Every structure is written in C-alpha cells, then in structure tokens.
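User: I am new to this structure and would like a short tour of it. Could we look at it together?
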Amino acid sequence: MNPLFHETIRHIEAFLISQNANRKVKEQQKSRNLLLENNKLAKNTSAVLTKQASRIKHLKDLLSDATEILTPDDVQKMIFSADTGTHLLPDMFKKRLLNIQISFVVRPGTIEDTRRFMEWAYQNDIRYTIRGAATWPFGGCVPLNNDIVLDLSYLDFMDLDQKAGTFVVGAGVIFPRARNFLKEKGYSLRQEVTNPHSGTLTGWIATGGYGLGSYKYGHVKESVRMLMVIEPSGQFKIWTPGDANFDLYFGSEGQLGVIVGAALDVRKDSYFTRPYAFSFTRFKDVQQFIHLLHNSGITPTSII
C-alpha cells in the first residue's frame, strides 16, 4: 500500500473513532424532559422500562454517556416499526402475517459503543434490527419478534480532506446534509440517490450504490476509498479497494456487518449542469443512440 494512502486511512479512522454525540444526546434529553414533564405518557414509558430493566441497565453500564437507550411510547413504536414502504400496508395484513414488535432502542453516539453493543448481542444471542434513515421500502429496518432496534442516526459525523478530495462520513449521515456540507466547501458527490431528501450514504452503499452520476462515474464502489465495518461478532475491520472482502459489502444489505463509516472521492463543484431531452419512437433507436454516445467518448453524468 502507498505510504501516503496508508497515512490518509489512519487519519480517517482516527477521525471517525474520536467523534461522539454527547452534545446532541444532552439536548435531546433536555427537550424530552421539558416535553414530558408531569405528563401521563412519561409515567407510562417509565412503567414499560421495568420489563427490560435488566438488559437496559447492563447496556447503560457497558456503553458511554454519548449513547441513548429508550423504550418507545406508542407514537415512537409506530415510527420505529415502519419504513418508507411498509407504513402503507394495512395493519390487518401486517398483524396477520408478521409479528412486528419492538423491545427498546439503542442509539449509539460513538462507533466504539456500536461495536460494544454488537459484541454484547452476539455473545448473548440477542436479536436486533439495524436502522439508518428508514428509507428502504421493503421492511429491512422493521423490528420483528421483540427485536432491539440499533438506530445509527447519531453517527452523523463528516469531514472533508480537500487536498485529497476525500469525504468521510459516519453511518448516520444523510444525503441532504452531506450535499449541503460539500456545497459550502465547493464540492459535490460523484454519485448519489435519485431521492434527494433522505437516505444515508452508508445505507446506500450497503444496498447497491447506483443512482445519479453512475453513467459517468460508475458504481459507488468506484468512488469509495475505505469502509469501516463492524462484523456481527463485534470485530472491527477496515477495508480498502484491493482487499479480498471489499467488494462483498456493496449490496450486502447489512448481512455481513454494519458499515459505520466510509471515505469517498468527491468532485469539485465548479460547473453547471444542462439537461437534454431526446424523443425516440422505437426501443431499437434508444439502443443505437446509447451505442453512438458511448463510442463518441461523451460521458454525461446520468442518463434517465
């Protein structure tokens, strides 16, 4: 490995490991206390907590103050028990076909807390469901059979190495926030999802990684310089292009481990875009057009 590249990877790893959500957790707790003060809902939530007291107490001792553990109320249960597609299904079908139940939510505020939770769950044979931004429409983040929900939204750390043109993200960074962060610094993503308002970058990597920009820059794998992964056993791994297991995580949908961080190449946002529309009456003509476009060497960002 190139010594400079190796040093860059170490810097990226150190940045991600050092980040925490302490401030965010304190602000959330303060807001929640104000909202639920002397409220019946708060008392009900406290009563439910006793059912999972042993596990919750153990996790609170195991994890840092940057991590939040909560037992959801009825409204929160509805939120955590659906994604962008499954919330449209009638309750009658969901109740008859599935046992959608949630135990409690662990929202780690550091990557190390995420690793410790996964290691604890592995050693104690405890099921959990991974949740990013819940924009996958096929039930991937829906908890079944009283699962714990591992909510990665607090791992929303970002950094940009302008010299290397490398963008570093934690598992909670969603596309609109990443896009705004980069734009302020004169950069933009090379590839991104077609839905401009939501979705996490690492979740998109885990579920396939095609979208806008793929015609010009290829699959997102062509832009990723490093993946930070926690395997189900709690082992911590760093994968880079050329490593035997690097390609396996693109489209793995979380089955091989949780992608808690990534580093991607980005481009200078130094030009404007101009769309062109063409009309064809036969599919054969579309094929011929794409063939001619490819042979011409013209590489539009995307073709829709």
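Analyst: One term is needed at the outset: contact, or touching, means heavy atoms within 4.5 Å. Please also note that this is a predicted model.

User: Good. Which residues does Val106 touch, leaving out those up to four places away in sequence?
Analyst: On that basis, Val106 touches Leu59, Leu63, Thr67, Glu68 and Ile69, and also Phe117, Ile148, Val149, Leu150 and Asp151.

User: And what is Val106 part of?
Analyst: Val106 belongs to the largest nonpolar core, which has 29 residues. Together with Leu16, Leu59 and Phe117, Val106 touches the most other members.

User: Which elements supply at least two residues each?
Analyst: They are the helices α1 (3-18), α4 (53-62) and α7 (111-123), and the strands β2 (102-107), β4 (147-151), β8 (224-230) and β10 (258-268). The largest share, five residues, comes from α7. A second, separate core has 28 residues, among them Ala178, Val193, Phe250 and Ile259.

User: Switching to strands: what is the order in the open sheet of four?
Analyst: The order is β1-β2-β4-β3, and the pairing is mixed. At the edges are β1 (68-70) and β3 (128-131), each of which pairs on one side only. From one strand to the next, the twist averages 20°.

User: How many bridges join β3 to β4?
Analyst: There are four, and these two strands run parallel. In one of the pairings, Tyr128 has Ile148 of β4 as its bridge partner.

User: Where do α4 and α7 lie relative to the strands?
Analyst: α4 lies across β1 and β2, at about 10° to β2. α7 lies across β2, β3 and β4, at about 160° to β4.

User: At what angle do α4 and α7 pack?
Analyst: The angle is about 140°, and their axes are 10 Å apart. The two helices are therefore oblique to each other. The crossing is right-handed. The contact is made by Arg55, His58, Leu59 and Leu62 of α4, with Arg116, Phe117 and Trp120 on the α7 side.

User: Now α8. Which of its residues are buried?
Analyst: In α8 (residues 175-184), the buried residues are Phe175, Pro176, Ala178, Phe181 and Leu182.

User: What covers them?
Analyst: The cover includes the strands β5 (158-161), β6 (166-170), β7 (187-189) and β10, as well as the helix α9 (201-207).

How values were computed:
Residues numbered from 1 in each chain as written. Predicted model: local features only at pLDDT ≥ 70, side-chain atom pairs only at ≥ 80, totals over all residues. Heavy atoms only, no water. Core = buried A, V, L, I, M, F, W, Y, C linked by side-chain atoms within 4.5 Å. Buried < 20%, exposed > 50% of the residue type's maximum accessible area, 1.4 Å probe, protein only. Pairing = 2+ DSSP bridges. Axes fitted to C-alpha atoms, helices over the stretch in contact; angles between N-to-C directions. Parallel < 35°, antiparallel > 145°, perpendicular 65-115°, else oblique. Left-handed = near helix turned anticlockwise from the far one by under 90°.
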